[in-house]
Amino acid sequence: MLSVIGMAINSELKKQLQSRLSDRVRFDEPMSAHTTFRVGGPADAFVTAIDETEMIFLIKWINDNGLPFFIIGGGTNLLVRDRGIRGIVISLAKNLARISRQGLTGLSAMAGANLGTLCRFAIRNGLSGLNFALGIPGTVGGAVRMNAGAWKGSIGNVIDGIRIIQPDGKVESMEKGALKFSYRSLSFASESSGDLSSSVILEAIFSLSQQSPESLKAEADTMLNARKKSQPIGFASAGCFFRNPDDRESAGKLIDLAGAKGLRVGDAEVSEKHANFIVNRGKASADDIIRLMRIVQETVFQKFNVMLEPEVKIVGD
Ligand SMILES: Cc1cc2nc3c(=O)[nH]c(=O)nc-3n(C[C@H](O)[C@H](O)[C@H](O)COP(=O)(O)OP(=O)(O)OC[C@H]3O[C@@H](n4cnc5c(N)ncnc54)[C@H](O)[C@@H]3O)c2cc1C
């Protein structure tokens, strides 16, 4: 989470934001409208950045005023607590969305681009390496930050470099060697470079290989079908809730064997179809989901002596 302990947004600061962004800033905006879990209380301010210049302005302005902030992509890996987020939530989704070719086998995508759109662009252009990501919802920025993965593929395997905005508003290019991708996470390779979670990912450059669009499309269809069969479609969720404890053990299998499938707190339920999905059947609160998470952790711990950790980012008050 990109937040620091900071000042509250007073009415003068609200006026400044409004005069710069007009209807692209909303105050007390319910986060349930911006997360696939469909839960989450209000953000003090919710801002949609329209381009790179505006993004840089916002980060500098936030830094100068000592405000806390949080970057949201598609909101597909987030559980926002019921009292919401203090400070400014900045959304990149949809606006900073340019995707273009780079040389023979490279692609560049702005952080707000939809990940699925990027995968389909790669297929059309006969570029292989991103099919694993088809069906993972959200933005390119969120996928890079989370090192999103499936079918043994992950974003870190196909990244050539990224551009970021530092907290002081400086834009910096980082090559792959300066980055450390690990299981569902990204950090700087060198500790002296600081904490990547206080920077904004602006753009990602991908290094792919050539393959015919027809064979890529056939492979993509197989993967998408397998995903549809194994995941609960049509219910609000944030994907897999818990991290796998290690390479050999899946959290879903442990939850299933512990008999936790179907457990419920209010409208929050451990999916019958995929035990590592907690779904919101309609009116769940973040609190319901967190209480269910604890029950699942306890149930699995009692049976296997393994404490599952959430993969979903739990943020807010
Ligand atoms: C049905 C479903 C299926 C899923 N399947 C998978 C799967 O197979 N594999 C997988 O890995 N994940 C999966 N997920 C989880 C989720 O889709 C991924 O983690 C996704 O990459 C998150 O992207 P996002 O844009 O929604 O990020 P968000 O949820 O908006 O944010 C996630 C984190 O990234 C940070 N962030 C977002 N954008 C930026 C940026 N530009 N700069 C800096 N930080 C940023 C946020 O601050 C937050 O900490 C699934 C989710 C759902 C709902």
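## Contact between domains 1 and 2

Contact here means that heavy atoms lie within 4.5 Å. By that rule, 12 residues of domain 1 touch 15 residues of domain 2. The structure is a predicted model.

The protein chain is assigned three domains: domain 1 covers 11-91, domain 2 covers 99-230 and domain 3 covers 251-315. Between domain 1 and domain 2, the C-alpha centres are 24 Å apart. These two domains bury about 1000 Å² between them, and carbon and sulfur atoms account for 70% of that area.

## Polar and charged pairs

Which side chains form the salt bridge? They are those of Glu52 and Arg163, with a distance of 2.9 Å from N to O. One salt bridge is found across the interface of domain 1 and domain 2. For polar contacts between domain 1 and domain 2, the count is three residue pairs, with both residues at pLDDT 80 or more.

## The domain 1 side

Two or more residues each come from helix H2 (52-64) and strand E3 (69-72) on the side of domain 1 that touches domain 2. H2 gives the most to this side, with six residues. By class, the side of domain 1 that touches domain 2 holds five nonpolar residues, five polar residues and two charged residues.

## Around the ligand

Backbone atoms of several residues lie by oxygen atoms of the ligand, as listed here for Gly73, Asn77 and Ala143. For Gly73, a backbone N or O atom is 2.7 Å from a ligand oxygen atom. A polar backbone atom of Asn77 lies 2.8 Å from an oxygen atom of the ligand. In the case of Ala143, the distance from a backbone N or O atom to an oxygen atom of the ligand is 3.4 Å.

Methods:
Residues are numbered from 1 along each chain as its sequence is written. Side-chain values use heavy atoms; hydrogens and water are left out. Domain bounds come from an automatic or database domain assignment. Buried area is the accessible area (1.4 Å probe) that two parts lose on being put together, summed over both. A salt bridge is a side-chain nitrogen of Lys or Arg within 4 Å of a carboxyl oxygen of Asp or Glu. A polar contact is a pair of N or O atoms within 3.5 Å; within protein, one must be able to donate a hydrogen and the other to accept it, and residues adjacent in sequence count only if both atoms are side-chain atoms. Helices (H or I, at least four residues) and strands (E, at least two) are DSSP runs, numbered from the N terminus. Ala, Val, Leu, Ile, Met, Phe, Trp, Tyr, Cys and Pro count as nonpolar, Asp, Glu, Lys and Arg as charged, and the others, Gly among them, as polar.
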